[in-house]
Amino acid sequence: PFLDILDGNPDLYGPFWIATTVVFILFLTGTISQYLASHHDKAFVYNFKLLSGAAGLVYGYTAFVPVGLWGALKWFSKNNVPGEGTINLVECWALYGYANVIWIPVAVISWSPISILNYVFVAVGFAVSAAFLTRNLWPVVSVAEAKVSRGLVLAVVGLHAGLAIAIKFLFFAAGPAAKDIKGDEAEKGERMVRALLGL
């Protein structure tokens, strides 16, 4: 597992540089997606809210979800043997930072004008990163009671699903297929996610 590779020496490369790369790739490919969906009879206007939205979403998720997980692990493992099945905060940040790597290729291929392909690409990205997180967190969370362990893993997967859904609707819902076929549904989903994130 990834935490064994870290061997007690986690870095902050993943939480910062990978997250930064994901932010800029999401902005770039989200802009391309919007450009392809726009009517080319008038000048295209860049939506720089995509950049701030990507930064808020990716940095917020990468910074705060690991803190919550680390706190929950501290709380629920306080009756266990110290040092056994523990993870420090920087390791949590590193784990979540490196879990974001998959969003780079997903974003690069998800500006496709075929909406169903975008759903598939984002679903594959979610599955790969969620599997990475659960595979590496299971040895740590399994020292807690079985019910607590399952609850923590479900919370991790649920929050990660929320990230994947937000990425899909904030950055890749503007494809021509989504506009032409789904129309109001795509716009309603996009408005809902933007309202939740305050954009």
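This is a predicted model: local features need pLDDT of at least 70, side-chain atom pairs count only at pLDDT 80 or more; totals for chains, interfaces and linings use all residues.
**Exercise 1. Packing of α3 and α4**

Task: Determine how helix α3 is oriented relative to helix α4, and which residues make the contact.

Solution: 
- Step 1. Two packed helices are described by the angle between their axes and the distance between the axes.
- Step 2. For α3 (residues 49-76) and α4 (residues 89-99), the angle is about 135° and the axes lie 9 Å apart.
- Step 3. Angles over 145 degrees count as roughly antiparallel and those from 65 to 115 as roughly perpendicular; α3 is therefore oblique to α4.
- Step 4. The crossing of the two helices, α3 and α4, is right-handed.
- Step 5. On the α3 side the contact uses Y61, T62, A63, V65, P66, V67, L69 and W70. On the α4 side it uses L89, C92, W93, Y96 and G97.
- Step 6. Sorted by type, the residues of this contact comprise 11 nonpolar and 2 polar, with no charged residue.

**Exercise 2. The surroundings of N118**

Task: Decide whether N118 is buried or exposed, and list its contacts beyond its sequence neighbours.

Solution: 
- Step 1. N118 belongs to helix α6, which spans residues 115-141.
- Step 2. The relative accessibility of N118 is 1%. Buried means under 20%, so N118 counts as buried.
- Step 3. With neighbours within four places in sequence left aside, N118 is in contact with I109, S110, W111, S112, K168 and F172.

**Exercise 3. Aromatic pairs**

Task: Classify the pair F16 and W17 and the pair Y46 and F48 by geometry, then state the accessibility of each residue.

Solution: 
- Step 1. A pair of aromatic rings is described by the distance of the centres and the angle of the planes. The model has 9 aromatic pairs.
- Step 2. F16 and W17 stand 4.7 Å centre to centre, with 80° between the planes. Planes over 60 degrees apart count as edge-to-face, so this pair is edge-to-face.
- Step 3. F16 has a relative accessible area of 42% and is partly exposed; W17, at 48%, is also partly exposed.
- Step 4. Y46 and F48 have centres 6.1 Å apart and planes at 40°, which makes the pair tilted.
- Step 5. Exposed means over 50%. Y46, at 52% relative accessible area, is therefore exposed, and F48, at 54%, counts as exposed.
- Step 6. Y46 and F48 also belong to a cluster linked by ring pairs, which includes F27, Y35 and F44.

How values were computed
Residues are numbered from 1 along each chain as its sequence is written. Side-chain values use heavy atoms; hydrogens and water are left out. Axes are lines fitted to C-alpha atoms, for helices over the stretch in contact, and angles run from 0 to 180 degrees between N-to-C directions. Helices (H or I, at least four residues) and strands (E, at least two) are DSSP runs, numbered from the N terminus. Angles under 35 degrees count as roughly parallel, over 145 as roughly antiparallel, 65 to 115 as roughly perpendicular and the rest as oblique. A crossing is left-handed if the near helix is turned anticlockwise from the far one by less than a right angle, and right-handed if clockwise. Contact means heavy atoms within 4.5 Å. Ala, Val, Leu, Ile, Met, Phe, Trp, Tyr, Cys and Pro count as nonpolar, Asp, Glu, Lys and Arg as charged, and the others, Gly among them, as polar. Buried means under 20% relative accessible area, exposed over 50%, partly exposed in between (1.4 Å probe, protein chains only). Rings of Phe, Tyr and Trp (its six-membered ring) pair if their centres lie within 6.5 Å; planes under 30 degrees apart count as stacked, over 60 as edge-to-face and the rest as tilted.
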